[in-house]
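Here are a few notes to read alongside the model. Have a look at it first, then go through the points below.

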Amino acid sequence: MTFVYVSNADSGDISVLSLAAGGELTPVDTLALGGSLMPLALSPCQGFLYVARRSEPMALLSLRIDPHSGRLSLLGETGLPASMAYVSTDRSGRFLFAASYPSHQITVSPIGPDGQVGSVQQTLGTGPNAHAILAAPSNRHVLVTSLGGGRLMNFEFDAASGQLSPKPAADWIARPGAGPRHFCFSPCGRFVYLLNELDAGLDVLAFDAHSGQLRALQTISSLPSGFSGKAWAADIHITPDGRHLYTSERNSSTLAIFKVQPESGLLS
């Protein structure tokens, strides 16, 4: 059985739905938690779900997933220093990362053996408007978008201690007015796909797993043909087999679908 989790910012709860093979969604449960609930992160083992509350008291809530019913139970919550636009775990599931758009910072928190997130152990300033944070498949680097700063920031990650170290020489500098927002890694770890909010451009970047260096390969628009309004791109996802990529654009209310060339990483 596959389950879907939806955070509801206004009602302060999380919807649990079952997903059938044909795509039909069926409500299973609703868990009330209170406050403005927004970004979610699933643990690598798929046994825990993490949600950031962006209203006071700002916090990270740890939830256990019942593997049979998909229902959620609250393990606990821990305070956060700012409103977080994005949360994710490292590849081992031992640390949780959070990025704050209004406070221009990122945090690292330990995750205990029971799946519960502990107190923030590291806080780092970023460029303006940190919007997304993800660990590379190798777990040796963590990338962070700075939408207002126009860059994809690079950090070395110590997977044993959970410490991040800035690596500004390896930052990717976007074209003026692009607005780096969300991104994803290819499953093989050789490519990064970066969606820019302000021009809806999609950058394909080669990624060196050892050095963390990024190199431009392609830029392609995610806007529908004939669209002439102001771009407002949002989210990006790649299929587990790495063959297809999807992006969303809000002002045209569309999803763009791309085919990924497996060897070159290029999109069509």
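1. Which residue in β23 does Thr-247 stand opposite? Thr-247 faces Ala-256 there. A word on the basis: this is a predicted model, where local features need pLDDT of at least 70, side-chain atom pairs count only at pLDDT 80 or more, and totals for chains, interfaces and linings use all residues. Residues are numbered from 1 along each chain as its sequence is written, and side-chain values use heavy atoms, with hydrogens and water left out.

2. Strand β22 (residues 244-249) runs antiparallel to β23, and six bridges join the two. Strands here are DSSP runs of E, at least two residues, numbered from the N terminus, and two of them pair if DSSP finds at least two bridges between them. Both belong to an open sheet of three strands, ordered β21-β22-β23 with antiparallel pairing. At the edges sit β21 (233-238) and β23 (254-259), each pairing on one side only. On average, neighbouring strands in this sheet are turned by 20° against each other, direction ignored (axes are lines fitted to C-alpha atoms, and angles run from 0 to 180 degrees between N-to-C directions).

3. Now for β10 (residues 105-110) and β11: four bridges join them, and they run antiparallel. Val-108 stands opposite Gln-122 of β11. Buried means under 20% relative accessible area, exposed over 50%, and partly exposed in between, with a 1.4 Å probe and protein chains only.

4. What about the cysteines? Cys-184 is buried, with a relative accessible area of 8%, while Cys-45 counts as exposed because its relative accessibility is 57%. The closest cysteine sulfur to that of Cys-184 is in Cys-188, 11 Å away, so the two are too far apart for a bond. With a disulfide taken as a pair of cysteine sulfur atoms within 2.5 Å, the count comes to zero.

5. Last, the largest pocket has a volume of about 1900 Å³ (on a 1 Å grid over the protein atoms alone, a pocket is an open set of points where a 1.4 Å probe fits, with protein on both sides within 12 Å along at least five of seven lines; lining residues have an atom within 4 Å of a point). Of its 44 lining residues, the closest to the centre are Leu-40, Ala-41, Leu-42, Tyr-86 and His-237. Elements giving two or more residues to the lining include β4 (37-42), β8 (86-89) and β21.

Conventions
Grid points are joined across faces, edges and corners, and a volume is the space filled by probe spheres set on the points.
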